[in-house]
Amino acid sequence: MVLGALIDAGVPLEAIRGALGSLAIDANAVWTERVLRAGVSATKFHVHGEDVHDHHHEHEHEHEHTHAHVSDHGHGHSHGHSHGPVHDHGTEPHSHAHRSLKDIHALIDRSSLSAAGKDRAKALFVRLGEAEAAIHGTPLEEVHLHEVGALDSIIDIVGSVFALEQLGATEIVASPLNVGGGTIRVAHGLYPVPAPATLRLLEGVPIYAGAQQGELVTPTGALLVSAYARSFGGVPPMRLRKVGYGAGSHDHADTPNVLRVLVGDSDRDAQAQAVVVIECEIDDMNPQIFGVLMDRLLAGGALDVFYTSVQMKKNRPGTLLTIVAPPSRREALASHVFTETTTIGVRYTEMTRECLERETLTIDTEVGPVRFKVARRDGEVLNASPEFDDCVRIAEQRRRPVKEIQALAMKAYLDAPRRQR
């Protein structure tokens, strides 16, 4: 599905075939076709023999509603759709061969990937080997990669590394991953979804289980997304160039079984950023603790903390605690709340905020230098405010009202040459 989406987004199939040829894999071993998945037209990437000798058994590549947002500089917009299956196994037939890491590294070293691409591909297989070794209690050097050592998985991984190099993406963001549910049958027996190797590869990645039953993220998919994505969340600010859809094997009636890739140029001018808002109400805590709590939350990475008076159940007055923070700090800040307060639950929402460009300037006034907080948008000053602490300090030194010092400072800012402000 990853390769299908990248081809649909403009990476030429013939270029991928050329790269695979350098692995001694016949170019005719892969092809694409246009298919419909719940009414969505998508590219299905095929490897010769995978439908007949599918080494994954129940391991279908179904990343339903898993969206990868690729930002910055997509190159090439041609569609590489070939002319259908070829009934020739090619140089290396599809088989159940169990290759060691050494075998796979030797293949990669013979490939036409760039030096960085070869290092990336080999590191991906090492990570897969480490996951297998940890699960089965086997030393890494003795691991034979069963599922991922077969030809189609080598094509998936090496082909994806090559395609992403061709795309020229410098930043990759992915949505949280829907891992599915139920059970799957693999070489070692009946396992719950997600499979053990998939779970190990997804450590630190936001996941959830939707209504769909079945394996929606395979070990190979988990490896690629977790290794390439710099962050997880909504679509980042960008100027969209291309959308690609990669099709899974099955067509579900209610949900398109596709992986979506958005390719575009990062919008460096946009000031939008992802934040998480954490909230809870408290009506049974010593109010003195709220001051300590705010200090500790801000020290723990919160962008903002504020309290709102609310009327709660049983007509009790209470306090609504609201925390705005980077998504990566949610768990740590929620832990602070549970530790420091009497609440027994918090709720959180991920959203996007937009901030003005901000800087601090120092303006000379008739009563001394005063720092100004200046906010701009697209180069235009929208807000300028004298630093209150500076005004208080000068007011105390000169024994004058703070509001008078603020007015003098504001006049000095407006009178200053434009280049200084």
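# Reading a predicted fold

Q: Among contacts in the protein between residues at least 6 apart in sequence, what percentage join residues at least 24 apart?
A: A contact here means heavy atoms within 4.5 Å, and among contacts between residues at least 6 apart in sequence, 69% join residues at least 24 apart. This is a predicted model, in which local features need pLDDT of at least 70 and side-chain atom pairs count only at pLDDT 80 or more, while totals for chains, interfaces and linings use all residues. Residues are numbered from 1 along each chain as its sequence is written, and side-chain values use heavy atoms, with hydrogens and water left out.

Q: How many helices and strands does the protein have, and what percentage of its residues count as buried?
A: Helices (H or I, at least four residues) and strands (E, at least two) are DSSP runs numbered from the N terminus, and the protein has 11 helices and 22 strands. Buried means under 20% relative accessible area, exposed over 50% and partly exposed in between, with a 1.4 Å probe and protein chains only; of the 421 residues, 47% count as buried.

Q: Which residues of the largest nonpolar core touch the most other members?
A: A nonpolar core is a set of buried Ala, Val, Leu, Ile, Met, Phe, Trp, Tyr and Cys residues joined through side-chain atoms within 4.5 Å. The largest one has 55 residues, of which Leu-6, Ile-16, Phe-45, Phe-125 and Ile-155 touch the most other members. Its largest share, 10 residues, comes from helix α5 (residues 151–167). A second, separate core of 15 residues includes Val-276, Ile-278, Phe-290 and Ala-325. To return to Ile-16, its contacts, leaving aside neighbours within four places in sequence, are with Leu-3, Ile-7, Val-11, Phe-162 and Ala-163.

Q: How many bridges join β1 to β2?
A: Two strands pair if DSSP finds at least two bridges between them; here 8 bridges join β1 (residues 30–37) to β2, and the two run antiparallel. The bridge partner of Trp-31 in β2 is His-46. The two strands form a hairpin with 2 residues between them, and Ala-38 in the turn has a positive phi of about 50 degrees. Strand β2 (residues 40–47) is mostly covered, with 6 of its 8 residues buried.

Q: What is the strand order in the open sheet of 3 strands, and which are its edge strands?
A: The order is β20-β21-β22, with antiparallel pairing. The edge strands, each pairing on one side only, are β20 (357–365) and β22 (380–386). Neighbouring strands of this sheet are turned by 30 degrees against each other on average, direction ignored; axes are lines fitted to C-alpha atoms, for helices over the stretch in contact, and angles run from 0 to 180 degrees between N-to-C directions.

Q: Which residues of β22 stand opposite Phe-372 and Ala-375?
A: Strand β21 (residues 368–377) is joined to β22 by 6 bridges in antiparallel fashion, with Phe-372 opposite Pro-386 and Ala-375 opposite Asn-383. Their hairpin has 2 residues between the strands, and Asp-378 takes a positive phi near 55 degrees. Helix α10 (residues 388–398) lies across β21 and β22, running at about 160 degrees to β21. Helix α11 (residues 402–415) packs on the sheet and touches β20, β21 and β22, its direction making about 150 degrees with that of β22.

Q: Where does Thr-341 lie, and is it buried or exposed?
A: Thr-341 lies in the loop between α9 (330–340) and β19 (347–354), and it counts as buried because its relative accessible area is 9%. A polar contact is a pair of N or O atoms within 3.5 Å; within protein, one must be able to donate a hydrogen and the other to accept it, and residues adjacent in sequence count only if both atoms are side-chain atoms. A polar atom of the Thr-341 side chain lies 2.7 Å from the backbone oxygen of Val-337, and a polar atom of that side chain lies 3.3 Å from the backbone nitrogen of Thr-343. Leaving aside neighbours within four places in sequence, Thr-341 is in contact with Ile-282, Met-285 and Leu-293.

Q: Which residues is Glu-350 in contact with, leaving aside its neighbours within four places in sequence?
A: Glu-350, in strand β19, is in contact with Val-275, Val-276 and Pro-327. Its C-alpha atom is separated by 9.3 Å from that of Pro-326, 24 residues apart along the chain.
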